[in-house]
Amino acid sequence: MSFDPTYTKELPLVTERASFKELDDVIFKPTETKPTKKWFIAISISGTAALIGAICLGYTFYYGIGMWGNNVPVGWGFDIINFVFWIGIGHAGTLISAILYLFRQKWRTGIARFAEAMTIFAVMTAGIFPLIHVGRPWLAGYLFPYPNQNSVWVNFNSPLLWDVFAVSTYFVVSFLFWGMGMIPDIANLRSRTKSGVKKFFYTILSFGWRNSNRHWQHYEKAYLILAGLSTPLVLSVHTIVSFDFAVSVLPGWHTTIFPPYFVAGAIFSGFGMVATVLIIVRKVFDMEHIITLNHLEKMCKILLATGSMVGYAYAMEFFIAWYSGNPAEQFVFINRAFGPYAWAYWIMISCNVIFPQLFWFKKIRRSIPIMMILVILVNVGMWFERFVIIVTSLHRDFLPSSWGMYAPTLYDLGILLGSFGMFFTLILLFVKLMPSISLTELKAVTENAQPSEHLHVHSKTHTHSN
Amino acid sequence: MIKKLKQIFDKADKDLGLDNRSEKLYGIAALFDTPDDIISAAADVQFEGYEKYDVHTPYPVHGMDDAMKLKPTRLGFFTFFFGAIGTLSALLMIWYMVGFDYKNIIGGKPFFNIPPSMPITFELTVLFAAIATISLMLILFNKLPKVNHPLIDTEYMKRVSSDRFGIVIQQSDPKFNKDEIVNLFKKLGSSDISYINYFEKDESNTKAPIISIKFILGNFVLFIGVSIITYLTLNYLLFITPFDWMNKQPRLMPQSSSTFFKDGRGMRNPVEGTVAKNFIPYEYQGMPDSLVKNMANPLPVNDSVINTGKSKFNIYCSPCHGYFAKGDSRLRGQFPNPPSLHTEKVRKWQDENIYHVITNGQNSMPSYTKQITKDERWAIIHYIRVLQRAQNANDTDIETK
């Protein structure tokens with residue numbers, strides 16, 4: 001557990017060396033002051049979008065899912081596209097908080113809490129879609145195995161059931177991980193606040209945490225264990241989501257590359273969304289010296305790596321379609337790239353594979369406006385990836401007599417808009433009400449935050465020699 | 001509105017006794033400025049032989065566990081244990097549901113199929129392990145939640161939450177001596193030494209005001225709310241056993257065996273002498289026709305009855321008796337030919353006698369109860385009378401116009 005001071009000297013995690021007290025003041029500012037005008041404008045936009053989504057959902061519940069565009073042969077439309085899109089976004093948070101933690105990537109501290117919150121909200125948004133897709137969301141309990149009056153149990157051989165377990169486990173574990181990380185920061189808020197109402201809630205949410213080292217000892221271990229548990233979990237979740245497709249026998253879905261390809265895509269889209277939101281948040285809340293350009297540059301590098309992985313997967317799908325000699329498989333892929341949905345395919349290729357290659361240039365990695373455009377394109381491209389996978393595989397399958405085209409209705413688009421509205425509303429509320437940057441972790445990696453090496457050794461020998 | 005809420009919460013604080021401190025001392029606290037200071041302070045306090053002390057830092061300081069000589073945490077063993085329980089319960093659940101309780105053939109695969117059970121087993125392992133790790137870390141290892149600890153709400157806690165490092169020696173320590181400790185802290189270079197007292201209402205710090213009207217009322221409201229929601233969910237959404245409106249009840253299928261009865265059968269015989277519906281027994285079964293009495297043809301003579309009688313006669317009677325009841329069988333001598341129905345004897349018979357012969361049978365003629373209903377029998381009799389009169393017509397029967 002030795003600390004490497006050269007690492008932080010080389011690349012300061014917090015520029016403009018600030019005292020701990022100043023860090024507190026900056027990071028807790030949104031929670032302790034009245035919301036700014038910018039915040040109100042932002043939440044009124046996102047809230048409106050969420051309301052439009054709610055109205056479209058209301059129509060769907062009243063008239064049924066016939067309000068949507070999906071029909072034979074394209075039975076999975078925007079509902080499943082959006083589900084896979086949002087659940088993919090949810091993967092960056094756990095990757096940053098768990099996998100980068102295990103790799104001792106200290107730069108993650110500034111953005112980890114935020115990315116975790118995004119995970120929670122993205123999974124919540126994603127969770128809506130399978131529920132409304134089944135048509136009667138109030139009967140969602142049927143998805144779980146429980147002793148019911150028909151005595152029959154759920155089908156444990158079905159990937160759709162694995163999905164139920166994977167997504168609910170992922171939500172619960174991410175939520176606990178996120179909540180546990182916030183306990184010390186909420187305790188800090190509790191000590192600072194003067195308002196009785198706030199104090200009441202912060203006291204409850206902090207569980208009476210008192211920064212005791214006897215507690216830190218178990219807390220750190222728990223954090224390490226949770227990171228260890230979350231790492232395979234985050235990989236398993238999108239693997240299982242990809243099984244929803246790969247276990248079927250439809251050309252274009254039935255491929256073994258799907259699990260790693262989906263996981264890489266999920267991390268890619270998740271980082272795209274984290275970067276998009278962080279660029280805005282650091283500006284709006286004056287946190288440019290905490291979420292630095294160095295952080296964003298590192299995220300761009302990860303985007304470049306995962307984007308290339310996704311590009312490799314696209315190429316490999318085509319190669320296997322040719323190499324397998326299976327005419328149905330070959331037809332699907334040629335139809336994908338040159339058929340009626342070729343526009344969606346080429347949007348996907350350009351946004352996910354071609355444009356992120358610009359991140360090879362340091363100047364582009366460190367230019368906020370270009371970065372902003374590129375990460376938004378990543379989001380667009382990853383949404384279209386799911387569109388391409390689902391729609392182009394379904395609309396022309398084995399039986400040419402039942403080929404058809406898919407077009408979303410106004411209600412599909414409204415629900416998609418609403419999902420973004422809900423996600424950003426939750427993000428804005430989180431930034432306003434909760435510590436959006438992990439202060440405890442951030443303080444621990446600032447300069448001189450840890451005892452100097454010789455003293456560490458000295459104190460040990462001092463106690464041992466007696 | 002907001003002011004009122006604030007008052008309520010302030011009052012809640014007062015009720016808990018969190019606004020006043022008592023005279024009783026909890027411990028002596030000292031603040032330090034740098035992590036180097038606190039780690040040597042902790043090592044020295046440990047070296048002096050104090051046991052009931054604690055170090056408070058805004059973040060985990062590396063090397064502090066060694067300085068305080070804390071034993072390594074055993075949290076990992078619990079994670080492993082509960083993770084293993086998650087694995088086992090997932091496998092047991094799947095085996096019980098689809099391999100034992102309700103076997104369904106799915107794609108011709110084994111009922112309890114290991115490979116497709118793996119994703120759910122993995123997820124439940126992680127779920128159990130993660131929930132156990134966090135809840136045990138808080139509850140078992142750290143003895144939280146505890147919102148009325150004496151250190152809460154002190155200036156000391158405010159500083160160690162933010163930017164300073166502190167150490168507290170408790171009064172319950174066997175070596176506790178105010179002056180000695182203050183001197184020790186000063187020698188170690190502490191910038192700020194303070195005394196921390198217990199809260200007024202809660203000196204022992206173990207009691208919580210559980211028996212108060214507010215608490216009981218609150219729980220009561222919670223209970224009612226949860227009950228209503230549970231009732232509606234279980235009854236109208238999930239139809240969970242046993243709230244299934246008695247749709248599922250124990251029963252025996254027809255012809256199935258049962259250990260309940262001595263003879264091992266699930267079905268029971270009816271009580272002796274029971275008459276089945278529409279199966280009223282014939283009174284004169286097996287008797288000679290001379291004994292038959294008091295039966296009259298209940299049917300009127302009209303076209304519809306005669307036609308019914310004709311059709312039934314042609315189906316059931318004509319193969320032996322012939323279409324005109326002359327006894328000219330179509331069976332080509334395979335059976336002894338029956339008598340003609342135009343004999344003096346039959347013509348003089350009452351309807352009840354013919355009915356008896358159809359119902360009971362006579363000589364080699366079997367009973368026709370299984371084939372011909374009662375009303376059809378009476379209709380046939382009317383038709384026989386028609387045939388008899390047609391075959392033995394008088395001059396008076398001829399209508400002149």
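User: Which residues does Ala92(A) touch, not counting those up to four places away in sequence?
Analyst: Ala92(A) touches Ala115(A), Ile267(A), Gly270(A), Phe271(A), Met273(A) and Val274(A). Contact here is when two C-beta atoms, placed from the backbone, lie within 7 Å. Keep in mind that this is a predicted model: local features need pLDDT of at least 70, side-chain atom pairs count only at pLDDT 80 or more, and totals for chains, interfaces and linings use all residues. Residues are numbered from 1 along each chain as its sequence is written, while chains are lettered from A and ligands numbered from 1 in the order in which they are written.

User: OK. Which residues touch the most other members of the largest nonpolar core?
Analyst: Ala92(A), Met118(A), Ala222(A), Phe271(A), Val274(A) and Ile427(A), out of 153 residues in that core. Apart from it lies another core of 28 residues, including Ala30(B), Ile39(B), Ala43(B) and Tyr53(B). A nonpolar core is a set of buried Ala, Val, Leu, Ile, Met, Phe, Trp, Tyr and Cys residues joined through C-beta atoms within 7 Å. Buried needs 20 or more other C-beta atoms within 10 Å of the residue's own, exposed is 12 or fewer, and partly exposed is in between, with C-beta atoms placed from the backbone.

User: Is Tyr341(A) buried or exposed?
Analyst: Buried, because Tyr341(A) has 20 C-beta neighbours inside 10 Å. You'll find Tyr341(A) in the loop between α12 (327-338) and α13 (342-354) of chain A. Helices (H or I, at least four residues) and strands (E, at least two) are DSSP runs, numbered from the N terminus.

User: And what is Tyr341(A) in contact with, leaving aside neighbours within four places in sequence?
Analyst: Val388(A), Val391(A) and Thr392(A). Val391(A) is 50 residues from Tyr341(A) in sequence, with 8.5 Å between the C-alpha atoms.

User: Switching to the interface. How many residues does each chain put into the contact?
Analyst: Chain A gives 72 residues and chain B gives 82. On the chain A side, the elements giving two or more residues are α2 (20-32), α7 (159-192), α8 (196-205), α9 (213-246), α17 (439-444) and α18 (453-464).

User: What does the secondary structure of chain B come to?
Analyst: 12 helices and 4 strands. Chain B's radius of gyration is 51 Å, well over the 21 Å that the globule rule gives for 401 residues, so chain B is more spread out than a compact globule. That radius is taken over C-alpha atoms, and the rule is 2.2 Å times the number of residues to the power 0.38. Along its principal axes, the C-alpha trace of chain B spans about 155 × 55 × 45 Å, and 28% of the chain's 401 residues count as buried.

User: Which domains does chain B get?
Analyst: Domain 1 (14-199), domain 2 (211-249) and domain 3 (289-393); the bounds come from an automatic or database domain assignment. The C-alpha centres of domain 1 and domain 2 of chain B are 35 Å apart.

User: Now the strands. What pairs with β3(B) over 4 bridges?
Analyst: Strand β2 (residues 53-56) of chain B, in the antiparallel sense. His56(B) has Gly166(B) as its bridge partner in β3(B). Strand β1 (residues 21-32) of chain B is also antiparallel to β3(B), with 6 bridges, and Phe32(B) stands opposite Phe165(B). Pairing takes at least two DSSP bridges between the strands. As for β3 (residues 165-170) itself, 5 of its 6 residues are buried, so it is largely enclosed by the rest of the structure.
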